[in-house]
Amino acid sequence: MTTAPDFIHYARPPREPGQPTLLLLHGTGGNERSLLPLAEALAPGAGILAPRGKVLEHGMPRFFRRLREGVFDLPDLHARTHELAAFVESAMASQGAADLIAVGYSNGANIGASLLLHHPTLLQGAILFRPMVPFEPEELPNLAGRGVLITAGEFDQMVPSGQAQRLAALLESAGATVSAHLLPADHGLSDADISLARQWLAAG
Ligand code: MLT
């Protein structure tokens, strides 16, 4: 028998029947509690699964290693994506939960995009705040029926311009229904991000 990988995490079932579970994926330096206020603002009745990234960069948790800002350690990204997917599958099965929507910010958005590309049936959809293209897949997965919301900041100093548009095009060419927005914001989340995400979830 193989044991599913474990992550330090926070979990709670949906408060209202029929609500999805949000897979909260924090940014660099965050943890399993960082996005709880955001989840409360987006969908207070939703379930939550919030793992803490296992990689430490100068003591700051992340979901995968990078060689420098914006340059990812791809073997590590692939391995950690599979490890996270195995944890999520096992946690969802033990919670008896079904619909899972990733909500990722920055580094969390990047591993969220990697989960979509590597494990296209794991997530029902994803909200990716300030993402980049995590890697260029050799073969496109089938993301038909999956919805993705992407928000980018026009004044973002960390994410090179064009990355969010390239990711949107990649996910669309894999069959996902993508709604992408360029906001007058920097790398931090703005009220517009939150209201777009709230509307997108409610319409879902
Ligand atoms: C990453 O490393 O995933 C991106 O550069 C975003 C971040 O700074 O965490």
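Buried means under 20% relative accessible area, exposed over 50% and partly exposed in between, with a 1.4 Å probe and protein chains only. The model is predicted: local features need pLDDT of at least 70, side-chain atom pairs count only at pLDDT 80 or more, and totals for chains, interfaces and linings use all residues. Residues are numbered from 1 along each chain as its sequence is written, and side-chain values use heavy atoms, with hydrogens and water left out.

**View 1. The shell around the ligand.** Thr28, Arg62, Phe64, Arg66, Gly70, Phe72, Ser106, Asn107, Asn110 and Met158 surround the ligand, each with a heavy atom within 4 Å of it. By class, this shell holds 3 nonpolar, 5 polar and 2 charged residues. Asp, Glu, Lys and Arg count as charged; Ala, Val, Leu, Ile, Met, Phe, Trp, Tyr, Cys and Pro as nonpolar; the others, Gly among them, as polar.

**View 2. Side chains facing ligand oxygens.** A polar side-chain atom of Thr28 lies 2.6 Å from a ligand oxygen. For Asn110 the distance is 2.8 Å. For Arg62 it is 2.9 Å. The protein buries 98% of the 260 Å² that the ligand exposes when taken alone; these areas come from the Shrake-Rupley method with a 1.4 Å probe.

**View 3. Ser106 in its loop.** Ser106 lies between strand 8 (100-105) and helix 3 (107-118). Its phi is positive, about 60°, although Ser106 is not a glycine. Most residues other than glycine have a negative phi. Ser106 counts as buried because its relative accessibility is 12%.

**View 4. His58 in its loop.** His58 sits between strand 4 (55-57) and strand 5 (60-62). His58 also has a positive phi, about 50°. At 78% relative accessibility, His58 counts as exposed.

Technical notes:
A polar contact is a pair of N or O atoms within 3.5 Å; within protein, one must be able to donate a hydrogen and the other to accept it, and residues adjacent in sequence count only if both atoms are side-chain atoms. Helices (H or I, at least four residues) and strands (E, at least two) are DSSP runs, numbered from the N terminus.
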